[in-house]
Amino acid sequence: MYDFIIIGAGITGTMIARELSRYKTSVLVLEKENDVGNHATLANSAILHSGHDPKHGTMKARFCVEGNRLYDDLEAELGIPILKTGGLVLAKSEEETRILKKLKKNAEANKVPGVCLLGRESLLEKERRISDAVVMGLEVPTTSVTYPWEVALRAMENAIDNGVEFEKNETVRAIERTGDSLSVKTRNHTYKAKTVINAAGAFAGEIAAMIEDRVPYTVTPRRGEYLVLDRRVKGFISHTLYPVPGRKGKGTLLVPQVHGNILIGPTSVFQDALDEAPTTADGLAEIRRKANKLVSDIPFDKVIRTFAGIRASIDKKDFHIARSKEETDFIHVAGIDSPGLTAAPAIAKYVVETIIMKKTPLEKDPGFNPKIKTVTMYHDMDAAARNAAFQSDDRYGRVVCKCEMVTEADLINHIRRPLGADSVKALKKRARIGSGLCQGGFCEHEAVRILAETLGKKMTGIDYYAKDTPVLLKDTKAPS
Amino acid sequence: MSTYDIIVIGGGAGGLAAAQAAAANKTSVLLIEKDARLGGILNQCIHNGFGLHHYREELTGPEYAEKAIDELTDKTLNIRLNTTVTKLNKEEDRFFVTYMNKEEGERTVTAGACVLTTGSYERTRGAIALPGTRPRGIMTAGSAQRYINIDGYMVGKRILILGSGDIGLIMARRLTLEGAEVVGVAELLPHASGLTRNIVQCLHDFDIPLYLSHTVTDIKGKETLESVTLSAIDAKGRPKKDSEKHFDVDTLLLSVGLIPDTKTFDGITFKEDPRTGGAYVDQHFETSVSGLFASGNALHIHDLVDFVTEESLIAGKAANRYVHRLKNKKKNHIRVNPGEGIDYVLPQRIDTTSKKHPVTFSFRVKEENAQATLRLCQGERVILEKKRRFLTPPEMERLILPVKKTLDVETPLTLHLEVDEG
């Protein structure tokens with residue numbers, strides 16, 4: 001029996017797992033996908049918001065501001081990439097200017113550091129490509145950008161280093177109260193725990209309904225579509241650019257990414273499906289139209305990819321983080337939509353230090369190591385390190401992905417990490433192979449071969465993304 | 001630091017020809033190829049139809065490559081295989097090329113001239129922003145060709161192809177022969193993008209339907225591809241209502257265009273032609289950077305490899321002349337502009353001080369024409385006039401300006417097309 005089972009290994013579940021691993025306690029994380037962070041954590045704007053936008057007094061406001069600060073520790077401990085872009089909220093009319101002034105008051109109430117209003121001239125000094133329509137801006141200096149999926153990966157790897165267990169491809173089908181524990185059932189296993197934490201993202205409602213008669217919220221999935229510009233546009237803009245927030249949230253943004261790309265989006269459309277996020281011609285057209293209102297001469301000819309993600313929104317304006325009223329050993333961490341990425345480390349602290357410890361005090365584990373052993377990729381090494389790496393392994397000399405400059409040794413390292421890659425997309429998320437101009441046209445076949453060789457599988461046994469989605473269907477050389 | 005006279009980047013058809021020409025007169029040449037063998041994409045093009053112009057016989061891709069490789073006989077030619085160029089810079093009059101391989105690690109070498117014969121990459125789903133989900137089963141036609149012809153693996157059982165470019169057409173036939181069911185080829189334009197012979201031999205002969213003026217408007221399937229929706233499009237390129245056709249397929253191949261691949265290593269920048277996506281060159285295939293040459297698909301997309309070879313032989317020869325020249329001679333450039341009815345024309349400029357060789361113009365027309373007159377003009381003055389039949393955008397056309405024609409040294413050249421009535 002475990003002390004805790006966490007359902008879901010997105011940014012919220014992995015952060016809670018890592019937070020719990022600071023204590024002498026046993027933890028199991030169950031994930032239905034074949035990797036961490038495959039849904040909302042993978043497909044979002046990647047912004048560490050300052051906290052200027054969520055309404056003062058909400059959990060969103062509190063955890064966003066605190067989480068933004070906590071990312072400084074995560075950067076040092078987990079080596080996650082953070083790009084300190086700063087943010088500019090841009091107003092294009094008298095009316096928007098009034099909203100901007102209110103936003104400034106809200107930001108100050110939330111204790112967001114350094115916010116100030118800027119006139120058009122000062123804005124142009126910071127960001128010379130803002131459109132002619134922009135009249136005023138709110139500077140939010142603590143806005144940064146990270147690579148969200150990697151935050152979840154590293155948090156999970158660090159939690160595993162500190163004793164947390166992780167099972168992937170395990171879909172929870174039932175939760176039952178049995179004596180002093182909760183039984184969590186998957187297709188082939190039953191796991192028991194004293195406390196179950198529901199961090200299932202868009203599936204939080206379905207999970208909660210397994211143990212509650214009346215789930216206190218309804219999940220209302222909201223799709224967001226995005227365009228990605230090639231990393232060679234680096235420097236086109238240097239700040240995260242927001243329009244003035246509207247009824248549907250923060251609007252369509254332009255976001256410089258840690259690897260040099262620029263992300264433009266999202267849209268905001270309610271839909272029924274919890275985990276299917278198609279892009280649409282209308283959505284992508286809307287993004288272009290709205291982005292053009294904020295910034296001039298956007299190089300849309302440099303679009304290399306489009307994608308969509310699902311926000312795990314609920315029918316309330318705030319996160320729902322509380323013990324179940326029907327089953328007190330079941331903790332909801334639901335409705336984690338924007339600014340969920342930013343808030344995640346603060347949410348994790350709140351869940352452990354307030355919700356859990358109020359009922360069950362936990363003892364600190366003196367052996368907890370907050371740091372993770374990271375592997376530096378070849379393109380991030382200096383000349384001396386590159387030479388040393390090559391001397392130790394000649395596969396550092398073989399460039400597999402020339403668009404993003406990824407070597408064969410980099411790929412093998414990512415396959416062999418504790419939470420290593422076992423599909424083409426898992427490798428793409430870790431090593432950026434196929435993230436460039438050719439989108440894998442030149443290198444996918446090499447990724448398949450290297451995965452097969454390193455994992456000791458057949459070429460036809462290598463999945464594209466999800467389990468049982470092989471890239472190659474049949475070996476034409478094999479006798480049939 | 002190793003020093004060469006000329007470095008040729010890319011060992012496909014273009015690089016083989018450029019290196020061969022560059023290595024004449026005991027000129028030291030380094031040919032760098034990222035793959036394990038020379039020949040580039042020819043190696044995966046196992047169908048025939050290559051070499052009719054250049055070798056006067058019909059060859060398969062690998063046979064064409066073998067012939068080109070056999071012609072590399074100069075002892076001053078050095079070859080690096082499995083080697084990727086990561087940087088190209090020019091300082092004063094020297095080029096610095098950084099490459100990586102398993103034998104030497106990361107190395108920088110230098111040369112007096114450089115030829116880019118890096119070929120092209122395929123336009124992707126992302127670049128054309130196809131709507132729908134992103135499941136397994138969507139790839140470029142060239143990737144599928146590589147899997148089937150080099151690695152020996154099938155990628156699908158029921159297949160739809162978007163784009164009627166030559167690779168897509170060839171793959172429709174190849175996949176059919178390999179046992180898959182190709183349910184159709186869709187083309188956004190009102191005419192096919194590939195060569196007529198490929199439409200006939202790859203689609204008609206196998207009863208594969210071609211849907212002209214159609215595009216993909218939805219892709220369904222969460223983890224693996226389940227269905228693709230095609231819609232007819234109107235004259236403005238918008239999908240027509242109620243024209244949807246649904247295809248239950250496990251694979252969607254994209255053959256939606258090739259783009260010159262000269263941007264995947266860091267360093268040097270040169271003037272580009274937005275019409276071709278490649279460099280802006282003169283008649284010797286010299287780019288805006290003195291001593292840097294570009295040819296083949298790295299310069300503009302060809303339908304026939306024979307012309308890649310011819311063009312690259314000229315580029316290689318020009319690089320050879322460049323490094324043996326004692327001092328930089330003064331040049332005088334005039335621009336070459338695409339006029340009425342012309343999509344693009346190469347070279348984009350001509351050095352009028354260089355009069356020894358005829359100039360071959362390569363161009364594509366904007367629309368299909370049964371019969372037309374081509375006029376190369378300087379202002380009102382017609383330099384060259386030719387009548388041509390059956391001009392079509394998928395087929396690259398050529399026009400040769402003989403040495404005896406004299407050009408005004410100040411007026412830009414324009415290539416016009418006039419449609420002949422009747």
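Guide: Strands here are DSSP runs of E with at least two residues, helices are runs of H or I with at least four residues, and both are numbered from the N terminus. This is a predicted model, where local features need pLDDT of at least 70 and side-chain atom pairs count only at pLDDT 80 or more, while totals for chains, interfaces and linings use all residues. Residues are numbered from 1 along each chain as its sequence is written, chains are lettered from A and ligands numbered from 1 in the order in which they are written, and side-chain values use heavy atoms, leaving out hydrogens and water.

Visitor: In which sense do strand 23 of chain A and strand 11 of chain B pair?

Guide: Two strands pair if DSSP finds at least two bridges between them. Strand 23 (residues 474-475) of chain A meets strand 11 of chain B in the antiparallel sense, over two bridges.

Visitor: How many residues does each chain bring to the contact?

Guide: Contact means heavy atoms within 4.5 Å. Chain A brings 51 residues and chain B brings 46 residues.

Visitor: What is the area buried between chain B and chain A?

Guide: Buried area is the accessible area (1.4 Å probe) that two parts lose on being put together, summed over both. Here it is about 4100 Å², with 56% from carbon and sulfur atoms. On the chain B side, B:K102, B:R134 and B:Y153 supply 18% of the area that chain B buries against chain A, more than any other three residues.

Visitor: How many salt bridges cross the interface of chain B and chain A?

Guide: A salt bridge puts a side-chain nitrogen of Lys or Arg within 4 Å of a carboxyl oxygen of Asp or Glu. The rule finds four across this interface. One pairs A:R386 with B:E106, their closest N and O atoms being 3.1 Å apart.

Visitor: Now a sheet inside one chain: which strands pair with strand 12 of chain A?

Guide: Strand 12 (residues 190-198) of chain A runs parallel to strand 1 (residues 2-7) of chain A over five bridges, with A:Y2 partnering A:A193. Strand 12 of chain A also runs parallel to strand 20 (residues 330-334) of chain A, through three bridges, and there A:I197 partners A:I331. Strand 11 (residues 181-185) of chain A pairs with strand 12 of chain A in the antiparallel sense over four bridges. A hairpin of four residues joins these two strands, and A:K185 stands opposite A:T190.
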